[in-house]
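Hi,

Here is the structure I promised to pass on. Have a look through it first, and my notes follow below.

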Amino acid sequence: MTRTTTTTRTTPAIGAAMTRIEGPDKVRGSATYAYEYPLDAVAYCCAVGSTIAHGRVRSTSADAIRQIPGVLEVLSHANAPRLAISDGSELAVLQSDRVAYRRQIVAAVVAESFEIATEAAGALEIEYDVEPFAVELKSDDPDLYRPDKVNPGFPTDTEAGDVDGALRSAAHVVDHTYRTPAYHNNPMEPHASIAVWEGDDLTVFDSNQGASPVRARLAELFGLPTGSVRVVSEHVGGGFGAKGLPRPVVVLAAMAARVVDRPVKIAVTREQMFAFVGYRTPTIQRVQLGADAGGRITAIAHDVIEQTSTIEEFAEQTAVATRMMYAGASRRTTHRLRRLDVPTPGWMRAPGECPGMFALESAVDELAIATRLDPIELRLRNDPPTDPETGAPFTSRNLEACLREGARLFGWSQRHAEPRARRDGRWLVGTGVAASTYPARARASKATAWARPDGSFDVELCAADIGTGARTALTQIAADALGAEPRRVRLGLGDTNFSEAPLAGGSMGTSSWGWAVTRACEGLRARLAAANGSVPVAGLAVEVDTKDEIERRAQRPAHAFGAQFAEVRVDEDTGEIRVARLLGVFAAGRIVNPMTARSQLIGGMTMGISMALLEASLLDREYGDYLNHDLAQYEIATCADVPMVEAHWIDERDDFVNPMGAKGVGEIGIVGTAAAIANATYNATGVRVRDLPIRLEKLIG
Amino acid sequence: MRRFEYLRPLDRARAVDLAANPEVKLLGGGTNLIDLMKIGVETPEILVDTTRLGLDEIESRVDGSLRIGASVRNTDVASDRRVRARFPVLSAAVLAGASGQLRNMATVGGNLLQRTRCAYFQDVTKACNKRKPGSGCPAQTGANRELAILGGSEHCIATHPSDMAVALRALDASVLVETEKGAQTIPLADFYRLPGDRPDIETNLPYGALIVAIDVPAPVDGARSSYMKVRDRASFGFALASVAGVLRVADGRVAHVALALGGVAPLPWRARIAEAHLMGAPADPDHFHAAIDAELQAAQPRPENAFKVTLARRMVVRVLTELVGRGEVGVAPS
Amino acid sequence: MTRISLTVNGEPRAVDIDSRVTVLDLLREHFGLTGAKKGCDRGQCGACTVLRDGRRVNSCLVLAVSADGSEIVSVEGLAGDSDLHPLQQSFLDHDAYQCGYCTPGQLCSAVGALAELAAGSPSVVTGEGSAPTLEPEEIRERMSGNLCRCAAYVNIVAAVYEAGRSA
């Protein structure tokens, strides 16, 4: 027995700019990602996508392909192992002959090498029965329907007051339709899995945002007890929502490994990243704002049209932020979907808020122009004291502070309200602002804290660090809860051998996992105190589950807020547009690690630059797939596009949202960014772009 | 990728020998060919690596021209002090293309022969007359924002992706090739073909030809040159439009002009009509406008790329105006 | 199968290889050096960047057979006998990465870019006829062949700039 002491340190770890724990591994190239686990006798799998958008697979040339030396097996619906589900999910891989969209997985080759697998996959011939398809989202489509709810469980429509009447009697009205194209998440690490069977036990090395949900789903699909499946996801090369749920490749890897009775690895190609791993739906959004002579909003309507697939329904909550952003006696939000012969859309960084706030915050800018008010002043006049939906007070709402502090830091007072008023040689220069918001929520999680006889601690839960800095932030949270130096705490995550935890998503990671870590560490500290600090050789552990605590707590509207300021330069001749400066101020509760939090915020804002100026997945109307399926044709911002991005935050601690007082910073950076840039573009050029991306042809006519 | 045999000859004679085989593809830096092999667009039986043939020198010649070996890497062309001093448009064009890594790999011979980045050409599951003659051209009514406004046909509107070749076209460069029958010089003006009804045939290279070098003739005395490229991303992107301009002004009038456009045509487009308008004309924006308008009379924009007409016009005027503004010898900036 | 010999991170290697194997897959699948990453496999993202004979290249587009006789340095070899290369330390100090997947390519690219800059090799933002100088605009342009979806760009530029200044 040894004694472990926990004392209250004077300097909390939370709030310190601690370098990422796994940083040295990442810069040395020794951090191991899913595809990189060395395994003997591993076979390579390559997925084959459909070349039709709708129909059935009639036959394949699998027999001929099996003759290629080095090919181990060709899988199709004809011979793939049966899963617990046969349809209704993107995960029903090779369970039927049905083709629901172009590039859907219809076959797979397993071979001795990557080169042989890709060669054989390319040579596989597939015959189809072709059926007509519809892939284009149109606002007047008679087949639009009203989903029962929108992601993850919001009411589809809301209505209060008399919107049409209020618009008729408003002194100022803005009524425009805004469009965002489809976007593909494109984390730098494509989805990858290695599956290894030992008897009926399955181990999967997988790139995901939540190993626990992947395990649960694999167990269900393969009819295994959860305990027979282990998922390891120690390092994950980004996700941005695309890895939030298990994707077909992890199922395919497990299936293929079963069939060839060897470990099998598979990585999604970049081209396939545009096919079956999710994307953000395109949106068509009509926003109507009515205001009185003093610029007070009297009516808000936000009507959204978006798409889903014929396989499963995903309804992005695009208008949901409009429900709480601004006051107005009359309000309406609606969402309508069209089932198309396309892949199922899904989560992408700030689903709902990201496209929705582009439309709303562009419309607010247009209202500022109509009312001749400064766009900051207009927002301040309409900053509601309580949640417009419920009348309940916000846990904290510091939008005003963000706008004011941002205006000061950015130098907003120097702005000319009139468009085309500033120039620098051939460049037209303009500035714009937009508000940001994102909900502050938490999911239940488990966590285990161990005291070791040597005075160190292990804190373990199946959280995910997809680049967010979760490993580091949770270490800091644990250290404070234990009253220990961070270097005495080892944080284990990304392995289902640890306590079950929710996925990384919805800016809920720190909140959900941190909550459980805090409780586990508090519990351990109490146990240690009760035991007078004595720790048995095997260690002393406390596991907690925050389910009850989270379910019991009172519900109140809780959101992070922010204000983003953009300066754009537009070449008057060519229409070339560059974001010279982007500055955001956020109210996101307590910042656990200013170094990693700043990185997340500027990362989100930079992705917002990409969204504003570059990104668009182009639909191929003739063939039915996304046409620009590589990183040369689907451009994302690169270094030269990003001269100056600054993120700041105001001092805020919201003790209602969780024990750490932190709201989460993963998504809010991308919310409102594109609107700030579009608003700045208008200020520079006098041209209002309502359909993203803002490309030069829209500015030179 | 399909299986292939890899051969790496160490002398030109052997390489020329090997090249006379329809199953052979010649490999330079690989930045385009290896990529096309990965996506199944190119499926050679034999790959002949031409990077170790000693064609990696840049040579100054007595007539003032520069001979750039076919295997010289793009970085080395752009960094060469002779190129920078005497052919700044060439250095600028090369540096405007691709990324640092790719320029370290890509050879000048390969750069000339790179294939279009048209989305349909790069997708073997779709029709493309260039890749599969007679299969159709979905770009005509499909995604054509990036594609040609000049020189296209109903069979193909792909653009040539090279920046370097645009500058070389304005510099009246020639391509030196060797075949089993001997050496041959092909002016760049005759090197590329318009698609017509055979978009699969892109050049007039003789059968089995090995590109040995590019000759860039001595610069015109007193002329200045520059390259302008417009793209969506600020770097690492193909041109929506680009302009290579060479201009000499004497007594306020155009004494020499060469204009080549990139990103708007199936080949680096020499604006001969505009040049004819400009020769001897006053070197001012009005005349520049009139000249490029005459050139662009022939433009056949598609729904998504009509903006390129405006863009190319404005770019040409800017390039020429800025060249005038550099204060040529004996010429006052207007 | 073709026999090739090359040097990887200072170590001579010889291997029989399918002619289709790229240097990237040679490192990752045959030599167990998984530092260089496969982000697109088509030269469009830069995650696979390594140094070949001292110059940065996209290893996904280099056939192993054509790298016969070359000297390859991947992220694992950057530090040599040191604990960390100064750029690696600078990336840590500036939080110039998030998920880390593009990081090895960024680092190799930065090593190459700083060497190119020091050698006077111009970029598109270098003034005509002038020698390039170490400044953020040059770094941004020169690092643009390396995409980062987490978008650590401003921190990457700061990290490379600081490392370049102290070199």
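Two strands are taken to pair when DSSP finds at least two bridges between them. Please keep in mind that this is a predicted model.

With that in hand, take β4(A) and strand β6 (residues 105-111) of chain A: they are paired in the antiparallel sense, over 5 bridges. Within this pairing, Leu75(A) sits opposite Ala108(A) of β6(A). Strand β4 (residues 71-76) of chain A is largely enclosed by the rest of the structure, because 5 of its 6 residues are buried.

Chain A also has an open sheet of 5 strands with mixed pairing, in the order β10-β18-β17-β16-β11. Its edge strands, each pairing on one side only, are β10 (158-160) and β11 (172-180) of chain A. From one strand to the next, the twist averages 15°. Inside that order, β16 (residues 283-291) and β17 (residues 297-309) of chain A run antiparallel and are joined by 9 bridges. Gln288(A) faces Ala301(A) of β17(A) there. Helix α8 (residues 353-371) of chain A lies across β11, β16 and β17 of chain A, and runs at about 150° to β11(A).

Cys639(A) is in no disulfide either, and its nearest cysteine sulfur, in Cys148(C), is 8.9 Å away. Cys639(A), at 1% relative accessibility, also counts as buried.

Best wishes

Note on methods
Residues numbered from 1 in each chain as written. Chains lettered and ligands numbered in written order. Predicted model: local features only at pLDDT ≥ 70, side-chain atom pairs only at ≥ 80, totals over all residues. Heavy atoms only, no water. Helix = DSSP H or I, 4+ residues; strand = E, 2+ residues; numbered from the N terminus. Axes fitted to C-alpha atoms, helices over the stretch in contact; angles between N-to-C directions. Contact = heavy atoms within 4.5 Å. Buried < 20%, exposed > 50% of the residue type's maximum accessible area, 1.4 Å probe, protein only. Disulfide = S-S within 2.5 Å.
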